[in-house]
Amino acid sequence: MVVPVFRASVASFHPLFDSLCTRLSTNSSLPKNSRLLPFASSELNPVQSRPELSFCVGTHLIPHPNKVERGGEDAFFVSCYNGGVIAVADGVSGWAEQNVDPSLFSRELMANASYFVEDVEVNYDPQILIQKAHAATSSVGSATVIVAMLERNGILKVASVGDCGLRIIRKGQIIFSSSPQEHYFDCPYQLSSEAVGQTYLDAMVTTVELIEGDTIVMGSDGLFDNVFDHEVVSMTTRFIDVSEAAKALANLACSHSTDSNFDSPYTMEARAKVESSMTLL
């Protein structure tokens, strides 16, 4: 599970008071069976997105206990290009059943995205960045992905394939929430090394105008499957420092995922699907 967090602010007032939260996801026709990622954290200096707007990024990564040795299956990158770029990819665990390391595809995909972020043909379009990164990825596997690009005028462009998520919080309220793309429950859309997978054309594309003080939380399903939106809001408003907010959210998701008594968003959705199937019968 990867959690990046950032908050937009006006540099002339609070050049260091920004934060960002982010999360990861995956894609292909294989069902997923993992929820968490490797442990790591980082914080970047404020990125100038325009003369009066900047943001800082905090990230935290926690791998599934069974995947610690290979560092988990999620990957991400942060770029200072233009107003800033953040992307997360979640390797599909089902490939492990074919003796394929699910982390290889997601890591190469993010490495390629980082390489192409300044490409003229991309022209600061997250959907085209996904296209070029996917086309250049040669590893076997699949992954869900989300890319967020902040323009210098404060416009945030988002493109996602699968169930990686993003929330934008303004004055204690979620003003935007991405929607997961699934073939069926627990089988999200995914970019794949196989021809039968999804492509950049299947990406869900959104544009949002940010204002000072907005907080953006991204992450893989490991975050949003285990943490409710009201908890995301509560945690991000509790911490001013984005790295601390990202760490707190990742730790909360990890704690919930190992608590057999916690009724998580994932378990509630699974139960609803079962009940719906029984009703149809």
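**Close-up views of a predicted protein model**

The accessible surface of the protein comes to about 11900 Å², and 53% of that area belongs to carbon and sulfur atoms; such areas come from the Shrake-Rupley method with a 1.4 Å probe, and for residues only the protein chains shown count as cover. This is a predicted model, in which local features need pLDDT of at least 70 and side-chain atom pairs count only at pLDDT 80 or more, while totals for chains, interfaces and linings use all residues. Residues are numbered from 1 along each chain as its sequence is written, and side-chain values use heavy atoms, with hydrogens and water left out.

View 1. Of its 281 residues, 57% are buried, that is, under 20% relative accessible area with a 1.4 Å probe and protein chains only, whereas exposed means over 50% and partly exposed lies in between.

**View 2. Helix 5, residues 242-257.** With 16 residues at 1.5 Å a residue, helix 5 should span 22 Å, and its end C-alpha atoms are 23 Å apart, which agrees; the expected span is 1.5 Å times one less than the number of residues. The buried residues of helix 5 include Val242, Leu249, Leu252 and His256. At the start of helix 5, a side-chain oxygen of Asp241 reaches to within 3.0 Å of the backbone nitrogen of Ser243.

View 3. Thr137 counts as buried, at 11% relative accessibility. Its side chain makes a polar contact with the side chain of Asn112 at 3.0 Å, a term for a pair of N or O atoms within 3.5 Å in which, within protein, one must be able to donate a hydrogen and the other to accept it, and residues adjacent in sequence count only if both atoms are side-chain atoms. The side chain of Thr137 also reaches the backbone oxygen of Ala133 at 2.7 Å. Leaving aside residues up to four places away in sequence, Thr137 touches Phe105, Glu108, Leu109 and Asn112, where contact means heavy atoms within 4.5 Å.

**View 4. Asn123 and Lys171, each with a positive phi.** Asn123, in the loop between helix 1 (102-116) and helix 2 (126-136), has phi near 50° and is exposed, with a relative accessible area of 61%. Lys171, in the loop between strand 9 (165-170) and strand 10 (173-177), has phi near 55° and is exposed at 79%.

Methods:
Helices (H or I, at least four residues) and strands (E, at least two) are DSSP runs, numbered from the N terminus.
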